[in-house]
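Subject: Structure handover

Hello,

Here is the structure I said I would pass on. Please keep it open while you read the notes below.

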Amino acid sequence: MEWGYLAGRIATAAGVLLAAFTVAFLMLQALPGDAVMIRFEDPELGLTEAQIAEVRAAYGTETPLLQQYWSTLTAALRGDFGYSVASGAAITTLLGAALPSTFLLAGLGFLAALILASLLAFGAILSPSGRLAGFLRGLPSLFVSVPVFWLGIVLIQVFSFRLGWISVIRPGPVEALILPVLTLAIPISAPIAQVLVRAMDDVAAQPFVAVVRSKGAGQGWVLIHAILRNAALPALTIAGVLLGELIGGAVVTETVFARFGIGRLTADALATQDTPVLMAIVVVAAAAFVVVNLVVDLLAPAIDPRLRRRVAA
């Protein structure tokens, strides 16, 4: 790995993360309403104007916008996201409680999407039946057009209420993950399968594949070592980009299946206009997205020798 290439990719990732932070900060500042006023000016709380002013000062809402931006940015770099306006709890505590559940759901959903996309791609390429191959090639277009919330409701209706295979009332830890993981995985698998099938078709038509076959290589060896190795990079790239879809899909999925996680935390923060919590969630989601894409960028030269030569040049 060239140090210049590595430093350039890390600098680009840091720039993207800073841009995401800045855009999120400005957009949240532009939201109508004031979460502090909504929360603390309730007459039932009985707070005086002086006490409300102290609360506003504690949350920094009275300071100039540029100063708020700088203090929020430097605090975020230290891992300090402040306190929730709605609950008063430390945001790091809220994130610490929600992140493991969401990371487990998103990780399993991503893994299931990769497996499903690979099965569709291999089935479409290897199927001896033209109709079956055409059917498998058409499934990703169907999957990508299915709304996540509708898919989750349909899966509950079919597998829980009709077939009775998966309980939605007090399910076990593994059982509770099956339908949410499928709900996330099916739409995510569609673009990965489409890119993988198209890339494998293009590589299979290359002259070097015919040369490999003419030397007596078996179908399985050609598929794995000649076709898949050269076709995997576009699918890997789109898979990294789709990580953001997992975070967005988790918001809907966790709401449909009544799971606690970043999705539910986001929905609650939106309902109460809890901007410090929303800001922290945006930073965490952007950081996860940037890190995954940085890893994909660093892995790409190791997979494709052409990129390795370009990096070394």
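Predicted model: local features only at pLDDT ≥ 70, side-chain atom pairs only at ≥ 80, totals over all residues.

Residues are numbered from 1 along each chain as its sequence is written, and side-chain values use heavy atoms, with hydrogens and water left out.

Domains. The chain is divided into domain 1 (3-78) and domain 2 (91-310); the bounds come from an automatic or database domain assignment. Their C-alpha centres lie 32 Å apart. Across the boundary, 19 residues of domain 1 are in contact with 15 residues of domain 2, contact meaning heavy atoms within 4.5 Å.

Helix pair. Helices here are DSSP runs (H or I, at least four residues), numbered from the N terminus. Helix α8 (residues 175-204) packs against helix α10 (residues 219-241) at an angle of about 145°, and the axes are 8 Å apart. Axes are lines fitted to C-alpha atoms over the stretch in contact, and angles run from 0 to 180 degrees between N-to-C directions. On the α8 side the contact includes P191, I192, V195 and L196; on the α10 side, L223, A226, I227 and N230 are among the residues involved. By class, the contact residues are 17 nonpolar, 1 polar and no charged (Ala, Val, Leu, Ile, Met, Phe, Trp, Tyr, Cys and Pro count as nonpolar, Asp, Glu, Lys and Arg as charged, and the others, Gly among them, as polar).

Q194. This residue also lies in α8. Q194 is partly exposed, with a relative accessible area of 29%; buried means under 20%, exposed over 50%, and partly exposed in between (1.4 Å probe, protein chains only). Leaving aside neighbours within four places in sequence, Q194 is in contact with P140 and S141. The C-alpha atoms of Q194 and P140 are separated by 6.4 Å, although the two are 54 residues apart along the chain.

Loop residues. D274 sits in the loop between α12 (262-271) and α13 (275-303) and is buried, at 3% relative accessible area. Its side chain reaches the backbone nitrogen of V85 at 3.0 Å. Q273, found in the loop between α12 and α13, has a positive phi of about 55° although it is not a glycine; Q273 is partly exposed at 26%. A258, in the loop between α11 (243-256) and α12, has a positive phi of about 55° and is not a glycine. A258 counts as exposed, at 58% relative accessibility.

Regards

How values were computed
Helix = DSSP H or I, 4+ residues; strand = E, 2+ residues; numbered from the N terminus. Polar contact = N/O pair within 3.5 Å; in protein donor to acceptor, adjacent residues only side chain to side chain.
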